[in-house]
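Please work through the following exercises with the sequence and the model side by side, trying each task before reading its solution.

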Amino acid sequence: MTRVAANAAKSQPSSCDLSRCTLRHLKSLEAKLRDSSDSELLRDILQKTVKHPVCVKHPPSVKYAWCFLSELIKKHEAVHMEPLDELYEALVETLMAKESTQGHRSYLLPLGGSVTLSENMAIISHGTTGLVTWDAALYVAEWAIENPAAFTHRSVLELGSGTGLTDLAICKICHPRAYIFRDCHSPVLEQLQGNVLLNGLSLEADINANLHSPRLTMAQLDWDVVTVHQRSAF
């Protein structure tokens, strides 16, 4: 993944992770549109972002999709091309959608598949910032995917698992023997459990656990007050 899952630093965005497709790709879009003889470039962008099957199944926040499409339309109109119906139809569909406190963010993996996360739209919610994906999780996941041997057939303990981006990318790409999710906030763990299931993985207690997947366990842990007994259990 060029950015955990974007596969997108080429002539146009090629991932459904809209948050990684905005300014970096739209800055040079006007020039590319001027060089294009038709609207195929815009159609291609739509198919690889808001119309991508992963985004259709797990849509990003309404606010973000609206901002993305509005900026795309501005770039399109700036070069005085014929209106592209699909572009305006996508914006209308977005405006008709109901905003939620939860939204999805999806990352395409380099060898196929994806990681999709349901996360809170507020940076701080329920007294924690752990319900949204931090950039640090993206960078650690990128490093892990480039260095899978560091995790293959090993047991991994993560403190502060958050939304699960790093965890799920490692579990899907790096083939650890076991992965231990730990966080100190109950709402974070509840959301994380949903994200594990959303990505087709199962926790250890699940009787339908996939034998070919790593053994996954999850528990609440405040590492500021962790006991010697708890540390030895890891």
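**Exercise 1. Find which strands pair with β4, and in which sense.**

Begin with strand β5 (residues 215–220), which runs parallel to β4 and is joined to it by 6 bridges; strands here are DSSP runs (E) of at least two residues, helices are runs (H or I) of at least four, both numbered from the N terminus, and two strands pair if DSSP finds at least two bridges between them. Within this pairing, isoleucine 180 has threonine 217 in β5 as its bridge partner. Next, turn to strand β3 (residues 155–159), which pairs with β4 in the parallel sense over 5 bridges, with leucine 159 standing opposite arginine 182.

A word on the source: this is a predicted model, in which local features need pLDDT of at least 70 and side-chain atom pairs count only at pLDDT 80 or more, whereas totals for chains, interfaces and linings use all residues. Residues are numbered from 1 along each chain as its sequence is written, and side-chain values use heavy atoms, with hydrogens and water left out.

**Exercise 2. Decide whether β4 is buried or exposed, and sort its side chains by direction.**

First, 6 of the 6 residues of β4 are buried (under 20% relative accessible area, with a 1.4 Å probe and protein chains only), so the strand is largely enclosed by the rest of the structure. Then, Ala178, Ile180 and Arg182 point one way, while Tyr179, Phe181 and Asp183 point the other way. In a regular strand the side chains alternate between the two faces of the sheet.

Notes: Buried means under 20% relative accessible area, exposed over 50%, partly exposed in between (1.4 Å probe, protein chains only).
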